[in-house]
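Good morning, everyone. Please have the picture up as I go.

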Amino acid sequence: MTTSVEAPPQVTQHKPRPTTPPTAARARTAARLRTAIYAVIGSAVCIAFVTPVAWSFFRSLQPGSQIAAPSSEQSFDNLTFENYTGLIANIGAGSYIWNSLAIALGAAVFSVIITTLAAYALVNFPFKGSNVAFALILLTMMVPFQAILTPLFLEMNALGLTDSLAGIIVFHITFNLPFGVFLMRNSFAQIPREVVEAARIDGAGPLRILLSVLRPMIVPGAVTVFLFAFLGGWGDFLGALTFLTKQELFTLPVAVQNLASGAFGVVNHGYVIAGAVLLMIPCIILYALVQRYYVRGLVAGAVKG
């Protein structure tokens with residue numbers, strides 16, 4: 001008697017169905033959607049910032065009598081530059097613009113030079129107590145100059161720096177140093193030590209290393225210090241009002257405030273808004289030119305301290 005052995009049933013293995021990757025068409029659609037969202041958001045933000053500036057500019061091209069009245073479509077029919085020409089010819093705004101420009105450029109250039117040299121020394125030539133010195137420099141950032149305005153005026157008057165553009169430049173350099181040293185020190189600290197050591201082995205001196213080797217690497221930080229110092233000097237009102245008493249030395253912000261308060265006679269609203277637009281133009285142009293360096297400089301100052 002033979003027994004038949006049945007073969008076990010075959011087990012079919014079900015392989016998992018592979019996930020199909022997104023097609024090229026879906027990828028292109030998603031990329032277009034992201035681009036469209038970025039474009040809409042960017043356009044909305046741009047309009048929100050540009051509209052007030054454009055409105056101020058077009059209003060400055062109207063006569064003063066129309067500026068004081070409610071705006072209408074007819075008020076934009078005859079736009080002229082009479083407010084700007086009158087501001088320069090009748091008020092002498094050319095000298096005020098030159099004073100503001102001299103203060104802003106002087107403070108910006110010397111702030112970059114001094115803060116770069118100070119930060120270079122703190123990072124590459126540390127000495128006993130250098131960290132304490134840097135901490136004291138940072139501590140002065142917490143003291144606004146408005147809090148020490150009276151003793152500051154007495155000190156500058158004793159040094160003969162009042163009623164002088166050079167004195168205002170020194171004033172702005174002094175208050176730009178803490179932030180500038182902080183930012184430039186972080187810019188130098190991000191550079192690998194091997195770069196400086198290799199330059200020293202090749203026989204380069206400290207000044208040659210700074211100007212030839214490290215200079216391209218610290219441009220963002222230097223541009224950021226320059227921009228902050230320039231904008232602070234260009235738009236300064238309280239410092240110029242406090243330390244300058246001669247009218248021929250007044251800056252443009254002081255002159256615009258005098259126009260608005262009627263110090264030159266009847267208040268001409270066209271001159272006032274034209275002066276405000278003149279204050280905005282250099283700031284907008286300068287920031288548009290160096291904004292990529294400015295962002296990189298701020299990031300360098302925030303990442304490593």
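Start with one definition: an angle between axes of over 145 degrees counts as roughly antiparallel. Keep in mind that this is a predicted model. Two packed helices are described by the angle between their axes and the distance between the axes.

First pair: α4 and α10. Find α4 at residues 93-124 and α10 at residues 219-234. Their axes come within 8 Å and cross at roughly 150 degrees. So α4 and α10 are roughly antiparallel to each other. The crossing of α4 past α10 is right-handed.

Who touches whom? On the α4 side, the contact includes Ile97, Leu101, Leu105, Val109 and Val112. Ser100, Ser111 and Thr115 of α4 are also among the contact residues. On the α10 side you have Ala222, Val225, Phe226, Ala229, Phe230, Gly233 and Trp234. Sort the residues of this contact by class, and you get 15 nonpolar, four polar and no charged.

Next pair: α4 again, now with α9. Helix α9 covers residues 206-214. Here the axes come within 12 Å and cross at roughly 110 degrees. Angles of 65 to 115 degrees count as roughly perpendicular. Therefore α4 and α9 are roughly perpendicular to each other. From α4, the contact uses Thr116, Leu117, Tyr120 and Asn124. From α9, it uses Pro206, Ile209, Leu210 and Leu214. The classes here are six nonpolar, two polar and no charged.

Val195, Val196, Ala199 and Arg200 of α8 meet Ile209, Val213 and Leu214 of α9. This contact has six nonpolar residues, no polar ones and one charged. Notice Ile209 and Leu214: they meet α8, and they are in the contact with α4 too.

Last stop: the largest pocket. How much space lies in it? About 230 Å³. There are 13 lining residues, and the closest to the pocket's centre are His172, Phe175, Asn176, Phe228 and Gly232. Which elements give two or more residues to the lining? Those are α7, residues 165-189, and α10. The lining divides into seven nonpolar, five polar and one charged.

Note on methods
Residues are numbered from 1 along each chain as its sequence is written. This is a predicted model: local features need pLDDT of at least 70, side-chain atom pairs count only at pLDDT 80 or more; totals for chains, interfaces and linings use all residues. Side-chain values use heavy atoms; hydrogens and water are left out. Axes are lines fitted to C-alpha atoms, for helices over the stretch in contact, and angles run from 0 to 180 degrees between N-to-C directions. Helices (H or I, at least four residues) and strands (E, at least two) are DSSP runs, numbered from the N terminus. Angles under 35 degrees count as roughly parallel, over 145 as roughly antiparallel, 65 to 115 as roughly perpendicular and the rest as oblique. A crossing is left-handed if the near helix is turned anticlockwise from the far one by less than a right angle, and right-handed if clockwise. Contact means heavy atoms within 4.5 Å. Ala, Val, Leu, Ile, Met, Phe, Trp, Tyr, Cys and Pro count as nonpolar, Asp, Glu, Lys and Arg as charged, and the others, Gly among them, as polar. On a 1 Å grid over the protein atoms alone, a cavity is a set of points where a 1.4 Å probe fits but cannot get out, and a pocket is an open set with protein on both sides within 12 Å along at least five of seven lines; lining residues have an atom within 4 Å of a point. Grid points are joined across faces, edges and corners, and a volume is the space filled by probe spheres set on the points.
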